[in-house]
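The exercises below concern a single protein model.

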Amino acid sequence: MRCTVTRVPSASPSDVEPLRRLVAEGQLDPSEVVAVLGKTEGNGCVNDFTRGYATHALQDFFRGVGAESPISYVMSGGTEGVLSPHFTVATRHLASAEAAVDGQKSLAIGTARTPGLQPEELGRLAQVEVVATAVRQAMAEAGIETAADVHFVQIKCPLLTAVQVHDAQERGATTVTEDTYKSMGYSRGASALGAALALEEIAGVRDDDICSSWELYSRVASTSAGSELDYCEVVVFGNSAQAEGPQFIDHEVMSDAIDGAALMRMLQRHPDAEVVQVLAKAEADPTGYVRGRRHTMLNDSDINHTRHARAVVGGVLASLVGDPMIYVSGGAEHQGPAGGGPVAVIFNR
């Protein structure tokens with residue numbers, strides 16, 4: 001197979017004109033698109049409807065240009081600071097097995113979808129387990145044979161609304177929380193632990209560990225919660241000997257929000273490669289400190305801490321690659337060490 005990633009800017013959550021031009025110019029084959037990751041300009045919170053708006057616009061566009069295979073849509077709200085709204089389009093072309101260069105691994109992308117989740121399953125072991133299964137399925141689809149070759153696992157997961165909480169209570173069930181915003185963190189955390197379980201980064205997990213045992217985390221998971229779906233979309237990015245092409249992916253783990261050195265290590269490992277896209281997670285350190293200095297992101301009642309964190313990490317990483325059109329998602333529960341998060345780069349050789 002041959003997998004590629006292409007970035008396109010967006011003037012609004014519904015702007016598909018850059019995609020339309022790529023299709024018209026023959027640079028993008030809609031039948032080969034397997035996933036679209038988007039950064040939309042909403043608040044990234046429970047009531048960020050730009051995510052669903054963008055998903056709907058993209059679905060309409062790809063149906064209109066003849067895309068037949070299912071496409072995974074992962075819309076991450078929030079382009080605070082210098083982050084520039086855009087879509088990252090992932091394609092997969094099935095080529096002959098002989099096309100791969102002997103011993104060389106290239107970018108491979110696999111997708112999977114979990115069954116729908118009941119409100120009472122969100123943020124609990126049931127979500128962990130179905131995500132773990134989906135991650136394994138996506139790895140197999142991508143032809144990635146070992147966890148060491150997985151460098152980024154993007155998961156879009158649901159959240160709880162007030163109506164869903166009430167529905168569960170009417171049925172005699174309890175939800176992990178009644179706070180709709182907190183449900184985003186529980187869903188992100190459970191999804192990340194599902195990836196960690198599938199990749200054998202952790203040996204096991206209990207309900208009580210979710211959003212509690214911060215020593216349990218994935219070094220490659222990136223999860224984003226939204227109200228536009230009731231299941232989890234899983235997109236696995238890695239390298240495979242079954243893939244050919246000029247692109248490949250690498251990753252590091254940021255220890256905190258200003259750990260630009262993690263990205264620099266990758267750039268130094270591949271000095272002759274061209275950066276195609278940067279993918280990262282961001283969060284406000286739950287201790288209230290960054291490198292011994294107190295921060296106030298968790299105390300701001302006007303602007304949510306996930307928004308602060310996206311702006312900080314977006315600025316740090318954009319300054320190093322000289323491009324603000326990068327994918328930075330907020331809320332890194334169990335995604336990298338507490339206060340930090342994974343950062344991956346897709347390169348052209």
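Helices (H or I, at least four residues) and strands (E, at least two) are DSSP runs, numbered from the N terminus. The model is predicted: local features need pLDDT of at least 70, side-chain atom pairs count only at pLDDT 80 or more, and totals for chains, interfaces and linings use all residues. Residues are numbered from 1 along each chain as its sequence is written, and side-chain values use heavy atoms, with hydrogens and water left out.

**Exercise 1. Helix H2**

Determine the span of H2, state which of its residues are buried, and describe what comes just after the helix.

Solution. Begin with the span. H2 comprises residues 50-64, 15 residues in total, and reaches 21 Å from its first C-alpha to its last, close to the 21 Å expected at 1.5 Å a residue. The expected span is 1.5 Å times one less than the number of residues.

Next, consider burial, where buried means under 20% relative accessible area, exposed over 50%, and partly exposed in between (1.4 Å probe, protein chains only). The buried residues of H2 are Thr 50, Arg 51, Ala 54, Thr 55, Ala 57, Leu 58, Phe 61 and Phe 62. They lie on the same side of H2, because they cover an arc of only 165° around the axis. The arc is that of the directions from the helix axis to the C-beta atoms. In general, an α-helix has 3.6 residues a turn, so residues three or four places apart point the same way.

Then turn to the other face. Away from the buried side, H2 carries the exposed residues Arg 63 and Gly 64.

**Exercise 2. Helix H1**

Identify the buried residues of H1 and the elements against which they pack.

Solution. In H1 (residues 17-24), the buried residues are Pro 18, Leu 19 and Leu 22. Their arc around the axis is only 100°, which puts them on the same side of H1. They pack against strand S1 (2-9), H2 and S4, where contact means heavy atoms within 4.5 Å. Gly 26 follows H1 and has a positive phi, near 80°.

**Exercise 3. Strand S2 and its partners**

Solution. First, S2 (residues 33-40) is mostly covered, with 8 of its 8 residues buried. Two strands pair if DSSP finds at least two bridges between them. S2 is joined by 6 bridges to strand S4 (residues 86-93), and these two run antiparallel. S2 is also joined by 6 bridges to strand S3 (residues 72-77), here in the parallel sense.

Gly 38 illustrates both pairings. Its bridge partner in S4 is Phe 87, and in S3 it stands opposite Met 75.

**Exercise 4. Cysteines**

Solution. A disulfide is a pair of cysteine sulfur atoms within 2.5 Å. The structure holds 0 disulfides. Cys 45 is in none, its nearest cysteine sulfur being that of Cys 157, 14 Å away. The closest cysteine sulfur to that of Cys 232 is also in Cys 157, at 5.3 Å, which is too far for a bond.

As to burial, Cys 45 counts as buried at 12% relative accessibility, and Cys 232 is buried with a relative accessible area of 0%.
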